[in-house]
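User: I am new to this structure and would like to learn how to read its features one at a time. Could you take me through them slowly, giving the general idea before each case?

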Amino acid sequence: MKIFSSPSNSSTITGFILLGFPCPREGQILLFVLFSIVYFLTLMGNASIICAVYCDQKLHIPMYLLLANFSFLEIWYVTSTVPNMLANFLSDTKVISFSGCFLQFYFFFSLGSTECFFLAVMAFDRYLAICRPLHYPALMTGRLCNILVISCWTLGFLWFPVPIIIISQVSFCGSRIIDHFLCDPGPLLALTCKKSPLIELVFSILSPLPLIIPFVFIMGSYTLVLAAVLKVPSASGKRKAFSTCGSHLAVVALFYGSVLVMYGSPTSEHEAGMQKIVTLFYSVLTPLLNPVIYSLRNKHMKIALKEILRKTKIWSTKKALRN
């Protein structure tokens, strides 16, 4: 990767500048506090789901094992952007090194791709549970579940090295200012010295695939689920069937709804403010809301979380009595 700077900033800038959310110093501090709270709640919420699945033997089934892996993924997904964002709120320069920028680019999009694959696998799990209930235990075994989990992580992290290596080979000129809070390919490509239609074409073909392929698979799975549920004669049976996949559908709608607004709108690339807000929604707010959605709509998860709280209180009381 070749870097060229204007004479005025070549001695002071050692990487890209992430503008983030420009506002007065007081506003930056307020945003730091706000996103620190959001980050802490996201970590606690997803960690609680992992602990609930780990501690409750009744939840050691594929549906909840996939959910625990998904929560683990969400912790790292939000960690790929928020800590650097928090540091930038308190920074005067807001500089991120070139290697740091491309590392963030890699982990953010690899984790995002992994999330898409996990959502597809979870949809497949719900399809088997609803459409093949008698064969479900024989089909969705622990071995198959482990294979699917490993496949999600592997595919997610092997997809983006090629696009990132391609972009890292181009030359960057000018101010190197990225009007975003993370290293996004759109603003990065806008800083190249010379437009390369071939690179943009390769990236535009490769990058949407881990988003589109799982989405088509999810829609296909839920089309079959809907067809099966409509054949259930009783209203209570239909409600029970829908309740088993309601949480997952809500998460899919949140994630894909915001991502499609981001990358499906023809004007999104020209509106930096809207780009930041939509990216903020699917990269920060969605991981915060997911534990709430899964815990509120799932009685088994609520029971497990209440049991963890009860044991925590007992442990805290015993510790206080010892002191």
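User: What volume does the largest cavity have, and how should I understand the word cavity?

Analyst: Rolling a probe the size of a water molecule over the atoms shows where empty space is left. On a 1 Å grid over the protein atoms alone, a cavity is a set of points where a 1.4 Å probe fits but cannot get out, and its lining residues have an atom within 4 Å of a point. Grid points are joined across faces, edges and corners, and a volume is the space filled by probe spheres set on the points. In this case the largest cavity has a volume of about 50 Å³, and the whole structure has two cavities of 30 Å³ or more. Please keep in mind that this is a predicted model, in which local features need pLDDT of at least 70 and side-chain atom pairs count only at pLDDT 80 or more, while totals for chains, interfaces and linings use all residues. Residues are numbered from 1 along each chain as its sequence is written, and side-chain values use heavy atoms, with hydrogens and water left out.

User: Which residues line the largest cavity, and which helix gives the largest share of its lining?

Analyst: Helices are DSSP runs of H or I with at least four residues, strands are runs of E with at least two, and both are numbered from the N terminus. The largest cavity is lined by Leu 19, Gly 20, Phe 21, Gln 28, Met 85, Asn 88, Phe 89, Lys 94 and Phe 181, and helix α3 (residues 82-89) supplies the largest share, three residues. For the classes, Ala, Val, Leu, Ile, Met, Phe, Trp, Tyr, Cys and Pro count as nonpolar, Asp, Glu, Lys and Arg as charged, and the others, Gly among them, as polar. By that scheme the lining has five nonpolar, three polar and one charged residues.

User: What lines the second largest cavity?

Analyst: The second largest cavity holds about 30 Å³ of space, and the residues around it are Val 170, Leu 189, Thr 192, Lys 194, Ser 196, Ile 199 and Glu 200. Three of these residues are nonpolar, two polar and two charged.

User: How many disulfides does the structure hold?

Analyst: A disulfide is a pair of cysteine sulfur atoms within 2.5 Å. The structure holds one, formed by Cys 101 and Cys 183 with their sulfur atoms 2.0 Å apart. The pair links distant parts of the chain, 82 residues apart, with Cys 101 in helix α4 (residues 98-131) and Cys 183 in the loop between β5 (177-178) and α8 (185-190). The link is left-handed, with -130° about the S-S bond.

User: Are Cys 101 and Cys 183 buried or exposed?

Analyst: Buried means under 20% relative accessible area, exposed over 50%, and partly exposed in between (1.4 Å probe, protein chains only). Cys 101 counts as buried because its relative accessibility is 0%, and Cys 183 likewise counts as buried at 1%.

Technical notes. On a 1 Å grid over the protein atoms alone, a cavity is a set of points where a 1.4 Å probe fits but cannot get out, and a pocket is an open set with protein on both sides within 12 Å along at least five of seven lines; lining residues have an atom within 4 Å of a point.
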